[in-house]
Amino acid sequence: MTDIVDELQWRGLIALSTDEDALRKAFADGPVTFYCGFDPTAPSLHLGNLVQILTMRRIQLAGNRPLGLVGGATGLIGDPKPNSERMLNAPEVVANWVVRLREQIERFLDFEGPYAATMVNNLDWTAGLSAIDFLRDVGKYFRVNKMITKEAVARRLNSDMGISYTEFSYQILQGMDYLELYRRYGCTLQTGGSDQWGNLTAGTDLIHRVEPEAGVHAIATPLITKADGTKFGKTESGTIWLDPERTTPYAFYQFWLNADDRDVSQFLRLFSFRSHEEIEELEQLTVDRPQARAAQRALAEELTTLVHGADQCAAVVAASKALFGQGELADLDEPTLRAALSELPHALVAELGPVVDLFAEVGLSPSKSAARRTVKEGGAYVNNVKVAAEDAVPAGDELLHGRWLVLRRGKKSLAAVEVAAG
C-alpha cells in the first residue's frame, strides 16, 4: 500500500480532515503514531466502534504505530449525547468495562514488530490531576465561545434538558488526551467518527496553542447510513455487539448476510480487507446476479471470522445451511443451534402434538386446515424431513438436543418449537 490516504478515500473512510495534504506528507515521511479513543459506556463495543478499530488496523498495516485508548477517565464522565444527560456509572463498573473493551480492541491490532500497537488508559494521567492544575494547565487554553459551537453541545444548549458542566467539560478532557499522547508517544494523528469532530479538533487546537510548532492532524470517518433509513448496526432485536454473549456469532453473521443490495457495496469498502479488484468483482456480481448474494456471503464470512474466529464462522455457516436442508441439523452443537433458533419465530409447548397443530401454533400456517394443505402438497418439513401424513406426530427422539424441532414450510419459511423441560 503506497498511499494510505488514497486507500482510505477509496473505501469512503474520510469524511473530514484537518489538512489532507499535510497528512499525506506526514504519512510519506512516516511512520505516524496515531490514536483512536473508546469510552467504556457499555460492557462491549458494537459495529459503530468496529469502523474505528478496522480503520486503525488499516493504518497500522500501512506502516504506522497505533495507540488504542480506552477511556477509564472519560468513561466516568461521558461524551454528551444529543438529547439527554448520560447516566454516570460507578467507578468499579467502568474499570471492569475498560478491561473488557481493551481485550476486544487488542484482537485486531499487532503488538509486535516496528509498528507495534500500544494500549493506553487516560485515567493514568488524570487520576492524580487536581482540579486547580486541570483548570490552570489545560482549561485556560479553551474558549467557551468556541466550546458552545460544538454540535452536541449546541444541540443540548438549545434543548429543554440543557447540559451539565460535567459533560460540557468532556471536550477539554479529550483534548488533553491528545496533548498527553503527543508528549508521551509523539502521537500526531487522531481518528474518530464524524460525530466526534468537535472533540477531535479540540485536541489539535489545544496542541497548537501549547506547542505552536507541532504538526498534528485529525481525520473522521463518515456516519454510516442505510438505504432503507434504519440505523446502521441496529436490528429489530437491538444493537449488534462484538461480545458473543450479547450478540451471538450466528446473529452477527446473519446481519451481514441480510444486508440490502443497496448497502453491500458500501459495507464491503468500509469493512472488508479484500483487494480493490475483489471488491469491485463482488459489486458487479450484486448487479448481475443479486439473487446469489455473493457479496453478502463473502462479507458475512470475512467479518464473522475476523470478529469471532474461523471455528465460530464455520459453525454458523453450517447452521445457516442446515436450517434450509443443506446440512445435518443433528450435527450442530447446542449453543450454535440455540443461537440460530433464537432468530426464528418460536413457540414453547408443554408436549409434542400433531405437526399441523405445531405449524399453526408457531405461525407458519394461519390455521390447522392450512397446515393440512401444506402437508398434503408436500411443503411441510420437520427437522428437514418431509412430513408425509396429515396426522403425523413427532416422536420425542426427534427433538434436537432433547429440546427443539425445526419446522419449515416450503423452501424458506422457518420456525422453531421448544418443548418445555419437564
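Two strands pair if DSSP finds at least two bridges between them. Helices (H or I, at least four residues) and strands (E, at least two) are DSSP runs, numbered from the N terminus. This is a predicted model, in which local features need pLDDT of at least 70 and side-chain atom pairs count only at pLDDT 80 or more, while totals for chains, interfaces and linings use all residues. Residues are numbered from 1 along each chain as its sequence is written, and side-chain values use heavy atoms, with hydrogens and water left out.

**Sheet**
- Five strands form an open sheet with mixed pairing, in the order β9-β13-β12-β10-β11.
- Its edge strands, β9 (346-349) and β11 (385-386), each pair on one side only.
- Strand β10 (residues 380-382) runs antiparallel to β11, and two bridges join them.
- Valine 382 has valine 385 of β11 as its bridge partner.

**Helices α14 and α15**
- Helix α14 (residues 261-271) packs with helix α15 (residues 276-288) at an angle of about 175 degrees, their axes 10 Å apart. Axes are lines fitted to C-alpha atoms, for helices over the stretch in contact, and angles run from 0 to 180 degrees between N-to-C directions.
- The two helices, α14 and α15, are therefore roughly antiparallel (angles over 145 degrees; under 35 is roughly parallel, 65 to 115 roughly perpendicular and the rest oblique).

**Helices α15 and α16**
- The axes of α15 and helix α16 (residues 294-308) come within 8 Å and cross at roughly 140 degrees, which makes α15 oblique to α16.
- In α15, Leu282, Leu285 and Thr286 meet Ala294, Ala295 and Ala298 of α16 (contact means heavy atoms within 4.5 Å).
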